[in-house]
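Hi everyone, thanks for coming. Could you bring up the structure on the screen, please?

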Amino acid sequence: MEYIATELQGLFVIEPKVISDERGYFLEVWKKEEFEKHVGKVDFIQDNESKSSYGVLRGLHYQKGDSSQAKLVRVVKGKVLDVAVDMRRSSPTFGKYVAVELSEENKRQLFVPRGFAHGFLVLSPEAIFNYKVDNGYSPQDEVCIRWNDETLGIKWPIEYDKIITSPKDLKGKSLNEVEGF
């Protein structure tokens, strides 16, 4: 696997080595020793999966304090635009984001460290999205930032009136209203 550092410290795009032939393909999705060599020690405790249809936007979410989570995300089926926002107030890149296309074709992964908000937009008819987390879900510590916050200025690649999101995400706050790390 190739670990590609982004302009946001601690955020990595991971390109797997895919071995393909007439039967299909094989790849290593996660290898602890190699991951720790490039990224550092992360104790993943849970794997999650979601299925969503075209235009579904999940996010931008993070958990604060002791409940914060690191995530290793990937798409098994379909295609998404995956976004991570630096929420570390002491970081020179606070409020900046990285957007990466993750798909079943490119098989990329994104490592999102603690201190980042995360979300994704489905660009294919449907997408199955997998992610590992290093901490459990804590609803009382969850924070939601508006996906269309003007301060962030995320360039979502479909028209806003075609975006489908949850009532919770519709109530997201602006970057300036939430606490960071």
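This is a predicted model: local features need pLDDT of at least 70, side-chain atom pairs count only at pLDDT 80 or more; totals for chains, interfaces and linings use all residues.

Residues are numbered from 1 along each chain as its sequence is written, and side-chain values use heavy atoms, with hydrogens and water left out.

Let's start with strand β6, residues 57-63. Strands here are DSSP runs of E, at least two residues, numbered from the N terminus. In β6, 6 of its 7 residues are buried, meaning under 20% relative accessible area with a 1.4 Å probe, protein chains only.

Which strands pair with β6? Pairing needs at least two DSSP bridges. Strand β11, residues 116-122, runs antiparallel to β6 and is joined to it by 4 bridges; there, His61 sits opposite His118. Strand β13, residues 142-144, is also antiparallel to β6, over 3 bridges, and Tyr62 has Val143 as its bridge partner.

Now the largest nonpolar core, which has 19 residues. Such a core is a set of buried Ala, Val, Leu, Ile, Met, Phe, Trp, Tyr and Cys residues joined through side-chain atoms within 4.5 Å. Leu60, Val85, Met87, Ile145 and Trp156 touch the most other members. Two or more residues each come from β6, β8 (79-86) and β11.

Finally, Gly136 lies in the loop between β12 (126-133) and β13. Across 91 residues of sequence, its C-alpha is 7.8 Å from that of Ile45.

Definitions and conventions
Buried means under 20% relative accessible area, exposed over 50%, partly exposed in between (1.4 Å probe, protein chains only).
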